[in-house]
Amino acid sequence: PRRRAQWRTVVMPIITVAGKLNEASFQRCKKAAEYLAAVDPKFKCNVISLLPIDYELYLPGALEKFPKVKRHVAPVVCFANGTHDFFIGDAERFMLYLRQKWDYVDGTHAIFYERAATMHMRGYMEKSGREFCEMEILIDEEEGAGDDDEEDDGKAKASARSEGKLVFELFTDVAPKTCENFKAFVLGGDERVGGRGYEGTPVSRTVRDGWIQAGDVMNKWGSGKISIYGETFPDEVLKVRHDKVGILSMVRMEKRDRNGCQFFVAQCPLPFLDGQRVAFGRLIDGWRVMKVLNKLDAYHTYRPRRGVTIGKCAMITAPGPAEVQKEE
């Protein structure tokens, strides 16, 4: 008897394109994937736009299916899921894949994608209705004199280098009073606190796989307290959980309802602080800087052996259409 022909169902792979929404290279891949999906029903894609910190947290899980990929540092990652999963790589490798497999060639000028990245980030900021700020982090090239060096004023040394910026989203809709207090120190010059600000103050503690603590504008090393509402002010809200890395929270002085100027940023989930500390924001960019701080050697008091100082600070305003037009 004649064998019946066996037809194999061909499953087209689903292409995943994930990346940092504020990066031009991701916007380029996003546009290409969405265009092909619109004109060719065979092309299936899953585009994931992420804030920088969320991308960094997403990446390890995405790479678990590809054990041969030991390291990926690009702001966009592309891979395929189907009968056989395969890793594509960064933006350049993705565009090469599209040219070879789908005959797609991108002729759009790079400035278009830079503008798209700016607009995408602006859209997120405007939709959130919240405020954002940034802090530069300076790290000394050499270790300090010692843990109990009272002569150390906490200021950056001449050898200090800029490690990058930490960018925060402030939960102004959840904890407006706490955010207003924090904002005053970010900007500096507020008469209610004697014009003091975070710029030039040290990161007083770096607890490995725990948190970093900073913001002592009075005594530099973790004992000072002052606020725009008086020496301290009450806990405003305790409902924001410390359930992810990058949570921005207040350092409480000694007991409840004694918040001042100091803050900490979580290096990992800290559930034991839920209901105990006022969390009022989160890190959205600067995870690489946080990892550098996490690796610094520290004394038994968690004070870093190499001086770490907050550099320039500023509130961030979403760029308007006119500002985006200038960038072109």
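Which helices each supply at least two residues of the lining of the largest pocket? In this predicted model, the answer is helix 2 (52–63) and helix 6 (287–294).

## Pockets and cavity

The largest pocket holds about 530 Å³ of space. A total of 19 residues line the largest pocket, and those closest to its centre are Glu-56, Val-73, Trp-287, Arg-288 and Lys-291. Helix 2 provides the largest share of this lining, namely seven residues. Sorted by class, the lining of the largest pocket consists of nine nonpolar, two polar and eight charged residues.

The second largest pocket holds about 270 Å³ of space. Its lining is made of 17 residues, and Asn-22, Ala-117, Thr-118, Met-121 and Met-125 are the ones nearest its centre. Three elements each supply at least two residues of this lining: helix 4 (110–128), strand 5 (131–143) and strand 11 (279–285). Of these, helix 4 gives the most, with five residues. The lining of the second largest pocket divides by class into ten nonpolar, three polar and four charged residues.

A search of the whole structure also finds one cavity of 30 Å³ or more. About 40 Å³ of space lies in this largest cavity. The residues that line the largest cavity are Met-135, Ile-137, Leu-166, Val-203, Ile-212, Ala-214, Phe-263, Val-265 and Ile-310. Strand 5, strand 8 (211–214) and strand 10 (259–266) are the elements that give two or more residues to the lining of the largest cavity. By class, this lining has nine nonpolar, no polar and no charged residues.

The table sets out the volumes of these spaces.

| Space | Volume |
|---|---|
| Largest pocket | About 530 Å³ |
| Second largest pocket | About 270 Å³ |
| Largest cavity | About 40 Å³ |

Two packed helices are described by the angle between their axes and the distance between the axes.

The axes of helix 1 (residues 24–39) and helix 3 (residues 91–102) come within 9 Å and cross at roughly 25°. Angles under 35 degrees count as roughly parallel, and helix 1 and helix 3 are therefore roughly parallel to each other. The crossing of helix 1 past helix 3 is left-handed. On the side of helix 1, the contact is made by Ser-25, Arg-28, Cys-29, Ala-32, Ala-33 and Leu-36, while helix 3 contributes Ala-91, Glu-92, Phe-94, Met-95, Leu-98 and Trp-102. By class, this contact of helix 1 with helix 3 has nine nonpolar, one polar and two charged residues.

The other partner is helix 4. How far apart are the axes of helix 1 and helix 4, and at what angle do these helices pack? Their axes are 8 Å apart, and the angle is about 100°. Since angles of 65 to 115 degrees count as roughly perpendicular, helix 1 is roughly perpendicular to helix 4. In this contact, Ala-24, Gln-27, Arg-28, Lys-30 and Lys-31 of helix 1 meet Tyr-113, Glu-114, Ala-116, Ala-117 and His-120 of helix 4. The contact of helix 1 with helix 4 comprises, by class, four nonpolar, two polar and four charged residues.

Definitions and conventions. Residues are numbered from 1 along each chain as its sequence is written. This is a predicted model: local features need pLDDT of at least 70, side-chain atom pairs count only at pLDDT 80 or more; totals for chains, interfaces and linings use all residues. Side-chain values use heavy atoms; hydrogens and water are left out. Axes are lines fitted to C-alpha atoms, for helices over the stretch in contact, and angles run from 0 to 180 degrees between N-to-C directions. Helices (H or I, at least four residues) and strands (E, at least two) are DSSP runs, numbered from the N terminus. Angles under 35 degrees count as roughly parallel, over 145 as roughly antiparallel, 65 to 115 as roughly perpendicular and the rest as oblique. A crossing is left-handed if the near helix is turned anticlockwise from the far one by less than a right angle, and right-handed if clockwise. Contact means heavy atoms within 4.5 Å. Ala, Val, Leu, Ile, Met, Phe, Trp, Tyr, Cys and Pro count as nonpolar, Asp, Glu, Lys and Arg as charged, and the others, Gly among them, as polar. On a 1 Å grid over the protein atoms alone, a cavity is a set of points where a 1.4 Å probe fits but cannot get out, and a pocket is an open set with protein on both sides within 12 Å along at least five of seven lines; lining residues have an atom within 4 Å of a point. Grid points are joined across faces, edges and corners, and a volume is the space filled by probe spheres set on the points.
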